[in-house]
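Keep the structure open as you go.

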Amino acid sequence: MKNNVVDLDLETAYSAVSETYKGKGDIHVACREMRSKSPVFVGDFLEQFGVPTNAGMQQGTRPTFALFKYQDVMSVLRDASTFTNGFIAEGLGAFFDGLIILAMDGEQHRRVRALLQPAFMPETVNKWRDQIDEVIREDFLEQMVPVKKADLMDFGLNFPIREMYALMGFPTDNKEAYRKYAAWTLAMVGGNQIDPEKAPEARRNAGIAVKLLYDAIKDVVVKRRADGCIGDDLIGRLLRAEHEGHRLNDHEVVTFVRSLLPAAGETTTRTFSSVMSLLFATPGLIDRVRADRSLIPKLIDETVRYEPVSTFKVRETAKDVEFHGVKIPKGSFVQCLVVSANRDEEVFENPDTFDIDRKLKPSFGFGFGPHMCIGQFVAKVELNCAINAILDLFPNIRLDPDMPAPVIEGAQLRGASHVHVIWD
Ligand code: HEM
């Protein structure tokens with residue numbers, strides 16, 4: 001990562017985060033073994049892969065356990081009063097001072113979620129479909145057509161940010177500003193570095209990025225308030241909303257928006273990389289999907305089951321609980337291995353086969369329960385528009401035989417770094 005956070009470019013910031021959260025080893029293999037041998041792991045399961053975890057970052061502060069089975073993961077994620085999120089404010093959240101929805105529990109979470117929810121419902125999001133499609137085609141893909149080859153991740157890194165920041169209500173006239181904010185957001189996420197040599201610099205950069213983002217968002221919020229708090233986008237809604245009986249002040253709106261940024265862009269980028277990789281890797285699939293675009297939602301859902309971006313979610317126990325005879329005391333960390341639950345052979349037939357025709361069942365790539373991804377409809381519309389446009393504009397698109405095939409990897413954050421393609 002460059003020392004100068006102000007000038008950090010998006011590509012560098014993204015690679016640094018991928019490197020930090022990639023780790024070593026094959027998490028699917030390790031999880032399969034756990035499902036068959038022992039559905040509860042006592043300790044920090046992720047430690048063996050060398051990726052940052054809350055248990056690792058807050059060394060020894062809480063006993064830690066890991067769960068692998070579908071029903072166990074579902075029962076934890078759905079019960080937010082027994083399995084809480086407040087500790088997140090100590091980890092990544094320590095970089096923020098202010099409102100972080102993911103770190104909220106109980107009534108506070110319910111109220112804030114209700115305040116945000118309308119901006120993300122399908123009926124709202126579907127209204128933006130034409131605009132999302134236009135940006136994808138006109139600002140990105142149409143210019144690529146004559147080149148006849150590309151790394152699709154050059155597009156994949158940029159389009160979710162463009163769309164997402166517009167939805168949040170940032171001005172749309174400065175494209176470079178989006179890339180800058182996104183790079184700073186990634187520097188913030190990259191602050192959880194476990195390599196002792198890199199940790200001090202990563203933390204320092206995260207601290208600088210947090211401040212740079214604060215100032216940039218503050219400028220937007222102040223201007224939007226002065227302009228009358230209008231607009232149907234997220235900032236407009238927050239400026240008009242009430243939170244716990246009072247109107248949000250500028251500091252609260254800024255910290256709230258800033259805490260949403262890490263959830264909004266990179267997740268869609270990584271999911272895009274996996275969708276495209278699996279679309280090309282599965283024999284006959286691209287021809288089927290090209291001919292029948294109604295298969296795209298199934299393609300996205302199966303990708304999110306088969307290769308969830310984020311391999312695990314952590315909760316803290318608010319009381320003593322027990323799983324499969326293992327007692328987990330109050331105040332423990334419970335790591336829910338989403339990547340394992342999504343391939344539980346007791347729930348999914350042939351779970352290691354990528355099959356877009358499988359019967360739809362809930363899986364956990366967008367989470368589950370009260371904290372389930374609020375932005376999933378946005379992400380799905382964007383991905384749908386992107387896949388459709390790629391199939392429309394790039395005739396006979398296929399993997400570039402002269403370049404390495406895409407590899408979906410990562411012990412904590414999964415995705416492919418490159419998807420090299422050619423077309424006629
Ligand atoms: C394909 C892309 C995406 C994936 C895979 C994804 C995944 C997730 C997951 C797994 C959670 C649950 C976290 C937990 O339970 O601990 C979550 C929560 C969340 N996501 Fe997404 N997300 C994506 C896109 C988005 C987008 C586009 C937004 C929009 C701004 C967004 C905003 C959020 C927020 C605010 C939460 C926290 C909700 C809460 O705590 O109530 N996500 N996401």
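**Exercise 1.** Decide whether Glu-266 is buried or exposed, then describe its salt bridge with Arg-270.

Solution. The model is predicted.
- Step 1. Glu-266 has a relative accessible area of 11%. Buried means under 20%, so Glu-266 is buried.
- Step 2. Turn to the partner. Arg-270 has a relative accessible area of 4%. Arg-270 is therefore buried too.
- Step 3. Check the contact. The closest N and O atoms of Glu-266 and Arg-270 are 2.6 Å apart. A salt bridge needs such atoms within 4 Å, so the pair qualifies.

**Exercise 2.** Classify Asp-232 and Arg-237 by accessibility.

Solution. 
- Step 1. The two form a salt bridge, with the closest N and O atoms 3.2 Å apart.
- Step 2. Asp-232 has a relative accessible area of 45%.
- Step 3. Arg-237 stands at 21%. Arg-237 therefore counts as partly exposed.

**Exercise 3.** Find where the partners Glu-316 and Arg-62 sit in the chain.

Solution. 
- Step 1. Their side chains meet in a salt bridge at 3.1 Å, N to O.
- Step 2. Glu-316 is in strand 7 (residues 313-317). Arg-62 is in the loop between helix 3 (54-57) and strand 2 (64-67).
- Step 3. The two are 254 residues apart, and the pair links distant parts of the chain.
- Step 4. Both Glu-316 and Arg-62 are buried.

Definitions and conventions
Residues are numbered from 1 along each chain as its sequence is written. This is a predicted model: local features need pLDDT of at least 70, side-chain atom pairs count only at pLDDT 80 or more; totals for chains, interfaces and linings use all residues. Side-chain values use heavy atoms; hydrogens and water are left out. Helices (H or I, at least four residues) and strands (E, at least two) are DSSP runs, numbered from the N terminus. Buried means under 20% relative accessible area, exposed over 50%, partly exposed in between (1.4 Å probe, protein chains only).
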